[in-house]
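Hello,

Here is the structure I promised to pass on. Have a look at it first, then read my notes below.

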Amino acid sequence: MSRSSDRAVSGLELWQWRQEARAAAEAANVPVEELDWLLLSVSDLDKLALRLDSYKGRSQIPLNRPLAQLKEQWQQRIKDRVPVQYLAGVTPWRNFALGVSPGVLIPRPETEWAIDLAVRSAQSLSRPHPETCLMEGNWADLGTGSGAIALGLAEVLPKVTLHAVDRSEAALAIARENALNLGYGDRIHFYYGSWFEPLHPFQGLNRLRGIVSNPPYIPTAMLGELEPEVANHEPAIALDGGPDGLDCIRHLIATAPTYLCPGGLLLLEMMAGQAPDVRELLQDQGSYTQIEIFSDLAGIERFARAYRS
């Protein structure tokens with residue numbers, strides 16, 4: 001964080017602006033907690049200092065951007081509904097602080113469960129072909145975005161090499177930077193392309209042990225009904241799943257068997273209400289076994305898991 005004087009502000013000045021910003025948030029029905037989250041991300045303050053207003057008497061509080069810029073960005077949050085994560089340029093996800101920008105989908109808390117589910121599935125002794133170790137070898141994260149899933153898998157599967165694919169150069173740039181900043185640059189390989197296109201070397205003997213994806217799954221007609229923070233600011237390419245929301249999921253289910261080793265894992269995220277269709281797609285494909293649906297912490301059927309037979 002820069003400590004230059006033009007980016008420092010007195011505690012009193014920051015306190016006064018915080019009161020004004022909180023009032024503006026309440027009037028606009030923006031959660032006031034987002035303001036404190038933004039302040040924590042741009043300063044050296046902690047939650048206790050904000051709760052007790054103990055920073056008010058400090059002569060200088062260093063910020064990583066001028067207060068004038070911070071004020072302007074909060075107005076963008078209020079008036080234009082820009083997501084606070086884009087303003088901060090970072091979002092928490094699992095144990096990471098991930099860089100984000102309007103070029104990538106903001107990784108959601110519910111997706112964090114995919115990492116735990118992937119590890120549990122890889123360790124299961126009841127899976128088909130248990131002699132094939134899924135705790136090592138090559139795994140793919142398709143539609144990696146900010147790199148969240150690839151990074152999460154790299155952390156919990158230390159013997160696995162990750163191959164992360166995205167068709168957005170902007171997203172790949174952010175994902176690469178996140179991997180480098182978090183120390184996983186040597187374990188995650190990034191590819192530009194659509195789904196399996198860059199992964200042809202994994203069709204032969206050296207097949208993938210696991211494939212995890214959080215693909216676009218919102219039906220096209222529903223995009224305009226999303227909250228403005230999502231509809232107006234997050235990349236449509238990461239949201240639009242076609243007429244019924246299942247275009248990308250269909251492709252992944254149809255194509256994955258060509259790339260998965262026997263007993264290999266396929267784990268897909270989906271939206272509420274899609275589980276019956278996704279289960280049927282997996283069953284009808286004919287190459288999967290032990291198909292199972294898992295709910296997220298909110299009780300929504302969120303993940304489909306299957307193994308290559």
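This is a predicted model: local features need pLDDT of at least 70, side-chain atom pairs count only at pLDDT 80 or more; totals for chains, interfaces and linings use all residues.

A word on charges before the findings: Lys and Arg count as positive, Asp and Glu as negative, while His and the chain ends are not counted. On that basis the protein has 28 positive and 38 negative charges.

Overall build. The protein has 11 helices and 11 strands. Its radius of gyration is 22 Å, close to the 19 Å that the globule rule gives for 309 residues, so the protein is as compact as a globular protein of that length. The C-alpha trace spans about 65 × 40 × 30 Å along its principal axes. Of the 309 residues, 50% count as buried. The accessible surface comes to about 13,800 Å², and 50% of that belongs to carbon and sulfur atoms. Take the contacts between residues at least 6 apart in sequence: 66% of them join residues at least 24 apart.

Tyr 259. This residue lies in helix 10, which covers residues 247-259. Is Tyr 259 buried or exposed? It is buried, because its relative accessible area is 3%, and the cut-off for buried is under 20%. What does Tyr 259 touch, leaving aside its neighbours within four places in sequence? Its contacts include Phe 196, Leu 199, His 200 and Phe 202. Gln 203, Arg 207, Leu 208 and Ile 211 are also among them. Leu 208 is 51 residues away from Tyr 259 along the chain, yet their C-alpha atoms are separated by 5.9 Å.

Cysteines. A disulfide is a covalent bond between the sulfur atoms of two cysteines. How many disulfides are there here? The count comes to 0. Cys 133 is in none; the nearest cysteine sulfur, that of Cys 261, is 10 Å away. Cys 133 is partly exposed, at 30% relative accessibility. Cys 248, by contrast, is buried, with a relative accessible area of 10%.

Arg 81 is found in the loop between helix 4 (67-79) and helix 5 (84-88). It is partly exposed, with a relative accessible area of 22%. Trp 195 counts as buried, at 12% relative accessibility.

Best wishes

Note on methods
Residues are numbered from 1 along each chain as its sequence is written. Side-chain values use heavy atoms; hydrogens and water are left out. Helices (H or I, at least four residues) and strands (E, at least two) are DSSP runs, numbered from the N terminus. Buried means under 20% relative accessible area, exposed over 50%, partly exposed in between (1.4 Å probe, protein chains only). Contact means heavy atoms within 4.5 Å. The radius of gyration is taken over C-alpha atoms; the globule rule is 2.2 Å times the number of residues to the power 0.38. Accessible areas come from the Shrake-Rupley method with a 1.4 Å probe; for residues, only the protein chains shown count as cover. The place of a charge is taken as NZ of Lys, CZ of Arg, CG of Asp or CD of Glu. A disulfide is a pair of cysteine sulfur atoms within 2.5 Å.
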